[in-house]
Amino acid sequence: MDVELFNITGLSLRVTGLALLISSLLGIPAGVLLGLKNFPGRRLVIALIYTGMGFPPVVIGLLVYLLLSRSGPLGSLHLSFIPPLFTPGAMVIAQIIIAFPLVAGFTMAAVMAVDPQLRQQVRALGATQGQAAWAVLSEARVGVVVSVVAGFGSIISEVGAVMLVGGNIEGKTRVMTTAIVLETRKGNFELAIALGLLLLGMSFLANLAMMRLQGRSLPQ
Amino acid sequence: MKPPVYRLTGVEKRYGQRCVLRVEQLEVEAGRILALVGPSGAGKSTLLRLLNFLERPDAGQIEFEGQPIPNNGEVDLNLLRKVTTVFQQPRLLDRSVVDNVHYGLRLRGIKDAKAEVEAVLDRLGLKPLVHQRARTLSGGEAQRVALARALVLQPEVLLLDEPTANLDPYHVGLIEEVITEANRQQGTTMVLVTHNIFQARRLADRVAFLLNGSIVEVAEKEDFFTWPQDPRTQAFIQGDMVY
Ligand SMILES: Nc1ncnc2c1ncn2[C@@H]1O[C@H](COP(=O)(O)OP(=O)(O)OP(=O)(O)O)[C@@H](O)[C@H]1O
Ligand SMILES: [Mg+2]
């Protein structure tokens, strides 16, 4: 049982970790771009991101399911880099789509909260556009970390989407949340509770980190 | 005589429908201090933003060292780095004082300039504050750090927007000394925005009077204060309200 617990938790962390990494690599630059640059279609993109931030994860799961299923628009292409359904790769894709709008949206808000005067003054000191954007991003660093933590919280505890696209296959795609559902149904409360406590601990740590960081950003 | 650093012709700046600046003609001479005086809202800070290429004119032309600057598109980085501004409301980075002063040099890829940074900090009486978080500085301290981070770059042109507004008389004296020093020793061209007629008298070589976005009068300091040509300049010098 301990091995099972270990394996399930490990897979959860690997899937969520990879999804979070990719969401951050895409979401942070996207947030900076949206926060600092005016381009045609910006308002539309922001509206889409706000929608994505509140989108029911299970619907995203359904969408990814339809896309990846063997007769779906992506699944039917049989390309090696498109993961088939019921694999960890499919779960990673669903989690990226869930976490990306959160990372991008919160990063954008943090960047927009930095006084525009600061960017101008940094420019006057001789910064390139890129250097100035980096300066703004590092002023907004607390908010950026908060955006990543929020992304983590949203996908580590998500159950509907990973259940749909992963299929909760033992030893392959069974993660903490789906295992809890299954073990509880089976009446195997011991494992369910252990997983539940672990998950709770992780969310708690993430939220604690977030609160500490937010507290630091408040004026002393 | 050297050609002027800046030559402005017919320069206009609009915000929305409103034209806040209309400068028919203005030259900033190399190595000299031009004081820009005028009431609040006259467009002084706006003019400095144009001179630092942070904003671009909606009409007219700015020439820098004889080169016309296009009114749109990205300004050449080498050009941008010849000029810097000490802003009316300095925004420092959320780092230590010394990091703030180092910052502009780092942007230029200069990593070890400890001696230069320390010299500037020392000159402005900031030595005891080097490791303090910039956010926790008083208004006057922040203003001195803003001057330090500009001076350390040894720019060709230094634009100063009310650099002594938050300071006590001792530090006003100190900053005026440092400004004069940089001008005399390094030949830095300066445009100094000030509300303070006496400061303009103490520091400037030439004075321009800006009112409602237009330059009413530009003259050598002595002429400006002794024989002002325009009645509005006379009134301003005498401390009357002008609108
Ligand atoms: N970004 C902006 N958008 C709209 N109006 C602006 C903007 N910046 C400046 N203005 C307007 O342009 C006018 C000139 O402003 P500016 O800051 O240049 O005045 P100033 O001479 O520096 O005044 P002060 O002595 O109070 O600093 C003001 O009426 C101001 O409201
Ligand atoms: Mg001003």
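**A tour of the A–B contact and a pocket**

The lining of the second largest pocket has 4 nonpolar, 4 polar and 5 charged residues. (Ala, Val, Leu, Ile, Met, Phe, Trp, Tyr, Cys and Pro count as nonpolar, Asp, Glu, Lys and Arg as charged, the others, Gly among them, as polar.) This is a predicted model, where local features need pLDDT of at least 70 and side-chain atom pairs pLDDT 80 or more, while totals for chains, interfaces and linings use all residues. Residues are numbered from 1 along each chain, chains are lettered from A, and side-chain values use heavy atoms, without hydrogens and water.

**Stop 1**

Next, colour helix α5 (residues 116-124) of chain A, which gives the largest share of the lining, 5 residues. (Helices are DSSP runs of H or I, at least four residues; strands are runs of E, at least two.)

**Stop 1: the contact**

Now show both chains. Chain B brings 27 residues to the contact and chain A brings 19 (heavy atoms within 4.5 Å). In chain B, pick R91(B), Y103(B) and L107(B): they lose the most area to chain A, together 25% of what that side buries. (Buried area is the accessible area, with a 1.4 Å probe, that two parts lose on being put together, summed over both.)

**Stop 2: a salt bridge**

Select R123(A) and E74(B). Their side chains form a salt bridge at 3.0 Å, N to O. (The rule: a side-chain nitrogen of Lys or Arg within 4 Å of a carboxyl oxygen of Asp or Glu.) Across the interface of chain B and chain A there are 3 salt bridges.
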